[in-house]
Amino acid sequence: MEYLFGFIFFLLQGMQIFLVLGTLLPLILPADNMLRIGIARIVDPVLRPFRKVIKPVAGFDFTPVVVYLLLVGVESLIRRFLLPLAIR
């Protein structure tokens with residue numbers, strides 16, 4: 001059971017890293033860069049449902065921040081409530 005939680009935490013933290021990269025790389029790399037396109041293919045399907053609900057404010061898209069905080073919250077809830085039950 002610990003391996004399952006380890007894998008879930010690995011996926012959540014990986015998605016957090018991809019969200020940060022997907023937010024920062026467009027500021028640095030050109031639009032046709034393969035790394036930027038690859039990360040966008042991973043991140044955009046996760047952000048798309050939230051972008052329908054959260055509209056840009058003054059031209060800024062806060063969706064990656066909201067999804068990042070949501071991922072951190074889910075990870076925290078799993079660590080706090082489910083992990084102690086699995087260790088028993």
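V43 touches M15, F18 and L19, leaving aside residues up to four places away in sequence; touching, or contact, here means heavy atoms within 4.5 Å. This is a predicted model, in which local features need pLDDT of at least 70 and side-chain atom pairs count only at pLDDT 80 or more, while totals for chains, interfaces and linings use all residues. Residues are numbered from 1 along each chain as its sequence is written, and side-chain values use heavy atoms, with hydrogens and water left out.

V43 also turns up in the largest nonpolar core, which has 13 residues; L19, V43 and L71 touch the most other members. (A nonpolar core is a set of buried Ala, Val, Leu, Ile, Met, Phe, Trp, Tyr and Cys residues joined through side-chain atoms within 4.5 Å; buried means under 20% relative accessible area, exposed over 50%, and partly exposed in between, with a 1.4 Å probe and protein chains only.) Helix 1 (2–28), helix 2 (34–53) and helix 3 (63–87) each supply at least two residues of this core. Helix 1 gives the most, with 6 residues. Helices are DSSP runs of H or I with at least four residues, numbered from the N terminus.

Now for how the helices pack. Axes are lines fitted to C-alpha atoms over the stretch in contact, and angles run from 0 to 180 degrees between N-to-C directions.

| Helix pair | Angle | Axis distance |
|---|---|---|
| Helix 1 and helix 3 | about 165° | 10 Å |
| Helix 1 and helix 2 | roughly 120° | within 9 Å |

Helix 1 and helix 3 are therefore roughly antiparallel, whereas helix 1 and helix 2 are therefore oblique. As for the cut-offs, angles under 35 degrees count as roughly parallel, over 145 as roughly antiparallel, 65 to 115 as roughly perpendicular and the rest as oblique.

On the helix 1 side, the contact with helix 2 includes M15, F18 and L19, and on the helix 2 side I39, V43 and V46 are among the residues. That contact divides into 12 nonpolar, 1 polar and 1 charged residues. (Ala, Val, Leu, Ile, Met, Phe, Trp, Tyr, Cys and Pro count as nonpolar, Asp, Glu, Lys and Arg as charged, and the others, Gly among them, as polar.)

Over in helix 3, L82 has 43% relative accessibility, so L82 counts as partly exposed. L82 touches F5 and L77, not counting residues up to four places away in sequence. The C-alpha atoms of L82 and F5 are 9.0 Å apart, although the two residues are 77 residues apart along the chain.
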